[in-house]
Amino acid sequence: MSVELSHYLLVGAILFSIGLYVALAKRNAVGILMGIELMFNAVNLTLIAFARFVSPPTDVSGHVFVVFVITVAAAEAALALALAMVVYRNRETIDIDKINLMRW
Amino acid sequence: MEDVGSIVAFWMLSVIAVAAALMVVAARNLIHAVLFLILSFIGVAGLYLTLSADFVAVTQILIYAGAISVLILFAILLTPRAARDNAETFLQVPGLVVAALVAVTMGAIVLVTDWNEATRGAFPETAEAIGEALLDKYVLPFEIASVVLLAAMVGAIVLVRED
Amino acid sequence: MIFLAEWWDLRDLGNAVGAFLEWLGDHGPDWLPYTASAVIGSITLLVFLVVSLLMVAWAERRLLGRIQARLGPNRVGPWGLLQSVADAIKMLTKEAITSANVDRWVFWLAPILVAVPALVVFAVLPFNEGMVLADLNVGVLFVVAIGSVTAIPIFMAGWSSNNKFSLLGAMREVAMLISYEIPQVLALLGVVIFTNTMRMSGIVGWQDDHNTWLIFLQPLAVLIYFIAGAVEINRTPTDIAEAESEIVAGYHTEYSGIKFGMFWVGEYFAGFAIAAIIATLYLGGWTLWGLEEWVPGWIIFLAKLYALFWFFIWMRGTLPRLRIDQLMGFAWKFLLPLALINIFFAGLEVLLWQENELAAEAVLPAFAIGNLVLAVGLIVAWARFLGRGRPQWRPTRARLVKELGAVVYGQEA
């Protein structure tokens, strides 16, 4: 029984759905960011798996794509946490159930 | 990849990555959830290594486990009066339903499709190839990524300035 | 160089191990040589590091004593040689107190995880041509990545102690670590620009092929890496995280017994790792311009490692402790621009060299002299630019106590 592409894709799918649940269901803004990072990881894993199993042997576009995803994820994490800290400074909480001024 | 080592490595690392992600959901303390997230990052980096992506694996450890995790921990520390019990919001059940639907759909697609994979060996040296690609074919995204990082840095500093 | 590839050739211990693994491969399942090589390598590294730790701990205390004009430990055994053993026995038998309100699992895990990254870094360092545990293609980046992971167990230790001073020490420490990662990476990048490879054995091979050490070609980078490395392992003058006079003992206040022992051990292992990295990347690793045919390469490597660790000990005995804001300002305002300018000039030099296809013997000495002038000039100019150039007051000559009119007991006035 060998390890094939579908195994890696299944692991990626499971990680993505766990990350999606964390992003949808956590109350703390930092918790939501953790879910988003899990989703990024799942996507990167899928990209690398395709680059390994399907791409031509000299094509590293999958890897380059993953490097850019990691870069943008780092920038986005920094900004999301800066936003969370500004919201904390004004409202003394980062509970998204309480930051609901714009809800119906 | 049929040899015993690859199979054992893949199963161990997948179990670590997925179990740590599940503990991020289930941990009752936010700091514990972040530590399990770091474990999941390291597990995924191990999976990259089994896919012979050495440069990406080391970059993952450097940036995710080394920098983004520290960023998340500092954000938790600098919000002391926020609740740290990792509770779920009122959209818990719809979120679970959506996540389960997404998982089932993607799993079905993965298992049904014929992926047309070829039996090819591992990459010889990805670091050199990635470097050449970044400055040859993908030089425009490379330059734009540097502008994005500059914008993120300036934006973060301006946002949290205490004026 | 010519190495007799026989198993009894002790100049390269990899020969003996290689012969043993071949024997295993003939007599056992296929996965056995690979697993056996990993086990042998890990155990050898661990034994080497622990023995080095015992010797260097004794040497450090004696040498610090001499620098501070006192004898070091000299009671336990001849010249105090068994002092390290006594320390180890003390740490093992002391009671490891756990306070009541700590976060139990994180508190227990943190000391274990602190010593791990320093051990893992040794996996990519070549002690000799056949004595590398894992010759990764991205060895330099691996070293940086594992170094950056050391911030997490320190934070875990400080957080789980349920102690404000521990948390303060941990936050200071993590801020310092992430600030000094960037000059560290940029200094190592200067090496990679010249050698065109990130593989550690490839860098040693480059230095051997071109008959030079990279310390001559990149003096500013080795200085920056040395300072950044010293900060990363919390040596004085940068040990504010564990400053006994300031915040009790920082992030390891609440740890005693073997848990504290693991922090102490982890600091020394990390010191060895930084010294080994400088020895490999900048000082030519296990080569010494042909001497490695008679003296075993790993002895040369160990000699360089201990010589570099002597610089760490010297720095600890001589310099006073810096403040956290001084340290962070130093990293961001001084080391980072210098490292960037160093990379710029290194890239320029390699470009000129490769484009014009000049001979290496003519070009490398010119680069060495140019880089040295650049290093000295940059340091002086940048320090003056930041406003910290000349000291305002300099003593003109030594003055005796008698001239000042003071009284010394036992002497006539």
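**Chain contacts and helix packing**

Modeller: This is a predicted model. Of the 2 pairs of chains that touch, the one with the most contacts is chains A and B.

Biologist: How many residues does the contact take from chain B, and how much area do chain A and chain B bury between them?

Modeller: The contact draws 72 residues from chain A and 86 residues from chain B. Of the area buried between chain A and chain B, 76% lies on carbon and sulfur atoms. The total for chain A and chain B is about 7,200 Å².

Biologist: Which residue forms a salt bridge with Glu92(A)?

Modeller: Across the interface of chain A and chain B, 2 salt bridges are found. In the salt bridge to Glu92(A), the closest N and O atoms are 3.1 Å apart, and a salt bridge requires such atoms within 4 Å. The partner of Glu92(A) is Arg81(B).

Biologist: How many salt bridges does the rule find across the interface of chain C and chain B?

Modeller: Chain C and chain B bury about 2,000 Å² between them, with 82% of it on carbon and sulfur atoms. The contact involves 23 residues from chain C and 24 residues from chain B. The number of salt bridges found across the interface of chain C and chain B is 0.

Biologist: How far apart are the nearest C-alpha atoms of chain A and chain C?

Modeller: Chain A and chain C do not touch. The distance between their nearest C-alpha atoms is 14 Å.

Biologist: Within chain C, are helix 13 and helix 14 roughly parallel or roughly antiparallel?

Modeller: The axes of helix 13 (residues 324–356) of chain C and helix 14 (residues 360–385) of chain C come within 11 Å and cross at roughly 160 degrees. Angles over 145 degrees count as roughly antiparallel. Helix 13 of chain C is therefore, relative to helix 14 of chain C, roughly antiparallel.

Biologist: What is the handedness of the crossing of helix 13 of chain C and helix 14 of chain C, and how many residues of the contact are nonpolar?

Modeller: Helix 13 of chain C passes helix 14 of chain C in a right-handed crossing. Residues of the contact include Phe334(C) and Trp353(C) of helix 13 of chain C, and Phe367(C) and Trp382(C) of helix 14 of chain C. By class, the contact of helix 13 of chain C with helix 14 of chain C has 2 charged, 1 polar and, as nonpolar residues, 15.

Notes: Residues numbered from 1 in each chain as written. Chains lettered and ligands numbered in written order. Predicted model: local features only at pLDDT ≥ 70, side-chain atom pairs only at ≥ 80, totals over all residues. Heavy atoms only, no water. Axes fitted to C-alpha atoms, helices over the stretch in contact; angles between N-to-C directions. Helix = DSSP H or I, 4+ residues; strand = E, 2+ residues; numbered from the N terminus. Parallel < 35°, antiparallel > 145°, perpendicular 65-115°, else oblique. Left-handed = near helix turned anticlockwise from the far one by under 90°. Contact = heavy atoms within 4.5 Å. Nonpolar A, V, L, I, M, F, W, Y, C, P; charged D, E, K, R; others polar. Buried area = accessible area lost by both parts, 1.4 Å probe. Salt bridge = Lys/Arg side-chain N within 4 Å of Asp/Glu carboxyl O.
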